Amino acid sequence: MALHREKTRRIQVGACAVGGGAPVSLQSMTNTVTRDVEATVSQIEALARAGCDIVRVSVPDMDSAVAFGEIKRRSMVPLVADIHFDHRLAIESIERGADAVRINPGNIGSRQALRSVAIAARERGVPIRVGVNLGSVKRSVLGRHGDDHVGAIVKSAADYVHMLEDMGLDAIKVSLKSSDVLQTIDAYRRFSKISLWPLHLGVTEAGPLQSGLVRSSVGIGVLLEEGIGDTIRVSLSADPVQEVFAGRVLLECLGLRAEGVRVIACPTCARACADVAAISSELEESLRDVRRHAVVAVMGCVVNGPGEARIADIGVACDRKGALLFRHGKPVRRIRTDEIVTVIREELDKETPA
Ligand code: SF4
């Protein structure tokens, strides 16, 4: 079942189209020191290998802006420069090849400062992401909206977008974030009714790995299911590569990206004939580099095992004597439980076109 997608305008972030029906793209952000070019390039390579379409890099000072230029020359994916407080860093990053800049117009300085960023971006055809967080909405706007914090976020974002449009910018994307998931969902829903610019989805300060995954999945998942959102980032206080794997799973669940291997595993119970938790974790880890779409199943016993293993592309159903391997619904052979990970990998590799 294909999800309905809200219509938005299409912009280009380097080679990656965002909005206007383009596939929902996956973003992450480096957490290296940007001045450390080698470390940053190597993290970008790891993110790209994991399936990240667009990488954001912080540019906190002029040395980082210079490093950004070098990083951009060596990057295989489009790069967004993340700028706060100093508009000169945005201009410098644009001149050094940024494919987009992310700013919070509320902290970038005067209207004139914002205008100079808009002019530089327009001249080079570089989109600007307007990133509004509840934490940075001006007190005056908050005051006018009373308890309606979401209204204040939406109004802030709309005002900034209008300002940039008036300054002649014709490529904008928008994010409206709160660390509260329900507020975030509400903000995107309301903004999507009043604007056609593409939306970057994320739950800000989502949290450590486990709770962050759940919070982001709920926030981003609900919106995508409603057709809202053109590009996503699963923000986690963890290795950014984990963000990309999580984003892949999220998009795959919603049928928005047929990429990567879905590992199905039973929760186990007293009937389990193998350590399914350990085997399925090891399997998922070992298959993370596989970009093509496939479903594999590891099942602990003969109760549900053969049924699920048959439905998957490759599956195993464990029993007291080892495991029965299935391939596209047909039993193939018996294997030992300690070779499940290797055998499934080999079976998948056989099917992957060279
Ligand atoms: S497949 Fe077997 S081991 Fe796994 S949860 Fe079901 S009954 Fe338990």
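Q: In what order do the strands of the open sheet of 8 strands stand?
A: In this predicted model, local features need pLDDT of at least 70, side-chain atom pairs count only at pLDDT 80 or more, and totals for chains, interfaces and linings use all residues. Residues are numbered from 1 along each chain as its sequence is written, and side-chain values use heavy atoms, with hydrogens and water left out. Strands are DSSP runs (E, at least two residues), numbered from the N terminus, and two of them pair if DSSP finds at least two bridges between them. With parallel pairing, the order of the open sheet is E8-E7-E6-E5-E4-E3-E10-E9.

Q: Which strands are the edge strands?
A: An edge strand here pairs on one side only. That holds for strand E8 (172-177) and strand E9 (200-201).

Q: Which residue in E10 does His-200 stand opposite?
A: E9 and strand E10 (residues 231-232) pair in the parallel sense over 2 bridges. Within E10, the residue opposite His-200 is Thr-231.

Q: How far apart do the C-alpha centres of domain 1 and domain 2 lie?
A: The domain assignment, whose bounds come from an automatic or database source, gives domain 1 (11-253) and domain 2 (261-351). The distance between their C-alpha centres is 38 Å.

Q: How much area do domain 1 and domain 2 bury between them?
A: Contact, meaning heavy atoms within 4.5 Å, joins 7 residues of domain 1 to 6 residues of domain 2. Buried area is the accessible area (1.4 Å probe) that two parts lose on being put together, summed over both. With 35% of it on carbon and sulfur atoms, the area buried here is about 560 Å².

Q: Which residues in domain 1 lose the most area to domain 2?
A: Together these residues make up 72% of what the side of domain 1 buries. They are Phe-245, Arg-248 and Glu-252.

Q: Which side chain meets that of Glu-252 in a salt bridge?
A: A salt bridge is a side-chain nitrogen of Lys or Arg within 4 Å of a carboxyl oxygen of Asp or Glu, and across this interface of domain 1 and domain 2 the rule finds 1. At 3.0 Å, N to O, the partner of Glu-252 is Arg-262.

Q: Which helix supplies the largest share of the side of domain 1 that touches domain 2?
A: Helices are DSSP runs of H or I with at least four residues, and helix H1 (37-50) and helix H9 (240-253) each supply at least two residues of that side. The largest share, 4 residues, comes from H9.
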